[in-house]
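Let's take a walk through a protein model together. Have the sequence and the 3D view ready, and look up each residue as it comes along.

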Amino acid sequence: MDKYQEQPHLLDPHLEWMLNLLLDIVRDSDSPPALVHLAFKFLYIITKVRGYKIFLGFLPHEVADVQPVIDMFANQNPKDHETWETRYVLLLWLSVTCLIPFDLSRLDGNLTSEGGEARTSTMDRILQIAESYLVVSDKARDAAAVLISKFITRPDVKQKKMADFLDWTLSTLSKSSFQTMEGTIMMDGMLQALAQVFKHGTRESCLPYASTVLMCLDNCKLSESNHTLLRKLGVKLVQRLGLTFLKPKLAKWRYQRGSRSLIANLRLSTQDEEKQIPQILASDNDEDYDVPEEVENVIEQLLVGLKDKDTIVRWSAAKGIGRMTGRLPKELADDVVGSVLDCFSFQETDNAWHGGCLALAELGRRGLLLPSRLTDVVPVILKALTYDEKRGACSVGSNVRDAACYVCWAFARAYEPGELKPFVNKISSALVIVTVFDRDVNCRRAASAAFQENVGRQGTFPHGIDILTTADYFAVGNRSNCFLNISVNIAGFAEYTQSMIDHLIDMKINHWDGVIRGLSTKALHNLTPQAPEYITAIVFPRLLPLAVCMDLHTRHGAILACAEITYALYKLAAAKNRLQHQNTNTESRKEEEKTYHELKYRNLITKPITDYLDEKSLEGLKQIHQRLYDRQLYRGLGGELMRQSVCTLIKNLSLSKMPFQGDPVIGSWQWLISDSLKNLHLISSTSRQHIKEAAVSALAALCNEYYLNYHGEADPVLQDELMKNYISELHNTEEMIRCGFSLALGSLPAFFLKGRLKLVLDGLKAVTRISPKDVSFAEARRDALKAIAKICQTVGVKAEASEDDFICKENVYQIYDTFLDCMNDYTTDSRGDVGAWVREAAMTGLMELTILLTRNHPDLIEANVCKQIMCCLAQQSSEKIDRFRAHAGSIFLNLLYFDSPPVPHLPYREELEKIFPRSESSVLNWNAPSQAFPCITQLLALPAYRYHVLLGLAVSVGGLTESTVRYSTQSLFEYMKKIQNDIQAMDSFSETLIQVFEDNLLNDRVSVPLLKMLDQMLANGCFDIFTAEENHPFSLKLLSLCKEEIKKSKDIQKLRSSIAVFCGMIQFPGDVRKKVLFQLFLLLCHPFPIIRKTTASQIYEMVLTYSDIVDPAIFDEVMTILSDTAWDAELHFVRGQRNYLCDLLKVPKPQLMSKLPAH
């Protein structure tokens, strides 16, 4: 049923038959109690999903139902927590049956029983039941309150019992305290009952008691309670009392705007219009009446409720304000509106702002906020739409902004377009800003809905339909899309552009969330082309002082904003200059290009950026770094943000071709970049990656723009100094410093690497080598590989050129060797398989270098190198980590199907294209073991790939991940099934398998899972063809390797896996069987008890499976010894049992080796 919770009305057609079915069980006297309770439990589930009010209408409520329902309570135990659903539904049922339109005394008959004692009347019985359940601790208390509201308000009960009941509830309230759990439960029940009674009772019957109840409620001081529900019930009861004091009529002065329904509005424009409005107004013909003094107390309590710390209390208070104001005279109602507006003071908390917004929405929705008040209300709502108050490391206010959107939504339905016309531009701009720039998705969606309502109802919002099409409910769900794409579309409408830019500058670039600051500056970059003049004249002068202000977040956002806006202005100016340049003739263009570098060096070329930024702005940008440095703002935690933002500024100013050639600021910028890279190890792990990336990008842009002399080459002095410093840092003992300088060298432009390429590559190769001191420096090796790959792309390939300038035949194989060596990096530490990062970078580098050579000099790719690349990729494609398997698989297929031109010397190209058809390669999900392994195991049939695929499969088949193990094992067995009768294929496979074992002997990463794989293969009969021959070489070699692997081992997992392999090898006939038994009997006396027990258990299963290895005459005795001996007992006892087994099976007894005396 829970799936209907969102749309419970779908159950309505089925409720009747469901209830009848369950009630038949309840009414059946033969139904066991457990079944009855189960039926009531299902009835409760229906009430939970559909709501008790709808549910009540389907319950039977004949006169005949009253007595049976009351009688059912006799069997109920209020303290039984297992059957509370039964009591809850019974109370709801009784609340319907007690509404029969006859005096309840008619059901009693003669109240004198046979013994002369008076029986309790039906009225008293119902009241006793209701009162007893008002003080229970379960949900039956809620149903008892519903019952009271229906029962006490009956005309006959009201006369006799209402006063006494109210006395009882008030005395219970006054005696109870919300400081105790029992007191809280009792107060909850009493308050619920009173609230329901004053809601459903007539004003005439409730008015005499209202003052007394209000006085008692005041004495309870519920506003001081920590229990949200008690405070909410207090507010609910107060507003019900207030409504009792006031006459139930509609205010004549309220604002009317048609109907809530659009269809009804259309109908009003015809003949119904004249009829309907007088009917509404006729309900209030007396504006001048005395308002009881208690009303002021009620209003005051509701206003306090608007500032409560919990939303449900504020919401209840807001509805109370709306209901009460609708019954007040105009002057008093206006005072209430004024009091609500007092909530919007910056001395108030966010709770008061939220409550105030809810109250304004209720007042507006009910037509109680007159148009004359809009001049006061709209400015407040505009502030609430961007309310964001910082609290420590975060902020509050998303609920205020959401409620402000609700106010705008309510106003759209409440007022005629003419009333809101003076405020349309401000409201539309504010809603657009929240729609695209709010941090919280619920606020963006609320603003979008409010905007849509205004467009539909008011029809005066500029470009409403166009904006709605772009910024609908689903589109605003993605924050990045809102900031970077939707905002650009909306800013295309002039009415919104400036307000959007102003909001970003005023509210978002100084936001506490760094992600929002980053998105805001990128949004400013995108919005700059919409209003470049406004940006340069108004925005930029405001940003420059903020970039060096005291507040860290403001400073960070302002620097990034300066960077983004400057680059956007440059691109805009460059586009204009390009258009002008295209209009000049070709000859003059050639002449310009000829002297370009010289003019550029001498700073004589007109920079496009100066079309927009004046000298003062350029000077302000130049001074940012120096002023931060002078104030030591690059130090401490704030220094991390400053380094990152200023590096971004350096990058964008360089890309914007600022006229700073030869200026001392270039040296200062270079210092900052180098210093940031040198101090990476001192920076927090969260910021380290961002600073590293920012510094590396800044260096690349800086070199490209300012380190080129008029000959188009790097300045030799500068080049020597920078290269020397950066390469020396590659040997630093801090891993992070190696990472930073590796990537920095990789980002250098081609002209800067010229003549120094060999030096740089040698330095980076040294970083990729594993030495005992830096075995855990996986990130440094990864970044060095990335740098090598990037350098290859930067300098390009020339076969016959110098190795100091280009990738050529002299250095290409050294680069390949570096990548291929790193494919064997399986370093692990506390973070797991960190070597996988290195292998991933190596795979990417191999692909990029191979494709680069294929395009330019395919003759430089040797067949042997190509084979190694494809084999390594095949191995990685069959390993256990999904992400890296997918990366290797995609690169494998990229190289296979690279067509311009095809990669030369690919082994078994045709066979590979059959295994991986081009049509299916794009949809093959390498992340899914179920798709990857069936394909990759087919490579076992290709001799060139078999060794590496088997090496990868061993790790997967013997791994821990259930899905990987299942599909890899299944795929391997399917392959083995195909070749198990082909002796030649089996010999070839077994030789490769032995070779893998031999090469990885004592390498636990491979040998332990390999033993597990061998166990499964032996158990599944993969080597049955070898059992026909005694002492087959495979079995002898395998036994020898297993013995060597476990020699002196203390690894429990390895020993247990080897036991399973030994037991599987018993199937091989000949001398090997005796040797296997000897090994198993050795393990029966292993120093570790767990190994002895495991060995005995495995031998027991082995003897059962291969019964031919034991003579039938001694079979039972062998099995008894294996099963009954306590193999974890003392070694001398166990050794005797083991030796007896050796005698029975005629296996040589293992002899104890005496230790040689120490010399």
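Here is a short tour of some helices, cysteines and charged pairs. Keep in mind that this is a predicted model.

## Two domains

Let's start with the big picture. The domain assignment of the protein chain gives domain 1, made of 2-106 + 120-152, and domain 2, made of 509-578 + 612-709. Their C-alpha centres are 70 Å apart.

## A helix with a buried face

Now zoom in on helix α1, residues 12-27. It has 16 residues and spans 23 Å from its first C-alpha to its last, close to the 22 Å expected at 1.5 Å a residue. Its buried residues are Leu15, Met18, Leu19, Leu22, Leu23 and Val26. Look down the axis of α1 and these buried residues fall within an arc of 130°, so they line one face of the helix.

On the face turned away from it, α1 carries the exposed residues Pro13, Glu16 and Leu21.

## Cysteines without partners

How many disulfides does a search of the whole structure find? It finds zero. Take Cys647: the closest cysteine sulfur, in Cys703, is 13 Å away, too far for a bond. Cys647 is also buried, at 0% relative accessible area.

Cys935 is in no disulfide either, as its nearest cysteine sulfur, in Cys871, is 18 Å away. Cys935 counts as buried too, with 17% relative accessible area.

## Charged pairs

Side chains of opposite charge can pair when their charged atoms come close. In this model the count comes to 50 salt bridges. One of them joins Asp124 and Lys161, with the closest N and O atoms 2.5 Å apart. Asp124 is in helix α6 and Lys161 in helix α8, so the pair ties together parts that are 37 residues apart in sequence. Asp124 is partly exposed at 25%, whereas Lys161 is buried at 18%.

Lys758 and Asp762 make another salt bridge, at 3.1 Å. They sit four residues apart in helix α38, about one helical turn. Both are partly exposed, Lys758 at 33% and Asp762 at 32%. Elsewhere, Lys692, Glu779, Arg782, Asp783, Asp829 and Arg831 are linked in a network of salt bridges.

Key
Residues are numbered from 1 along each chain as its sequence is written. This is a predicted model: local features need pLDDT of at least 70, side-chain atom pairs count only at pLDDT 80 or more; totals for chains, interfaces and linings use all residues. Side-chain values use heavy atoms; hydrogens and water are left out. Helices (H or I, at least four residues) and strands (E, at least two) are DSSP runs, numbered from the N terminus. The expected span of a helix is 1.5 Å times one less than its number of residues. Buried means under 20% relative accessible area, exposed over 50%, partly exposed in between (1.4 Å probe, protein chains only). The arc is that of the directions from the helix axis to the C-beta atoms. A disulfide is a pair of cysteine sulfur atoms within 2.5 Å. Domain bounds come from an automatic or database domain assignment. A salt bridge is a side-chain nitrogen of Lys or Arg within 4 Å of a carboxyl oxygen of Asp or Glu.
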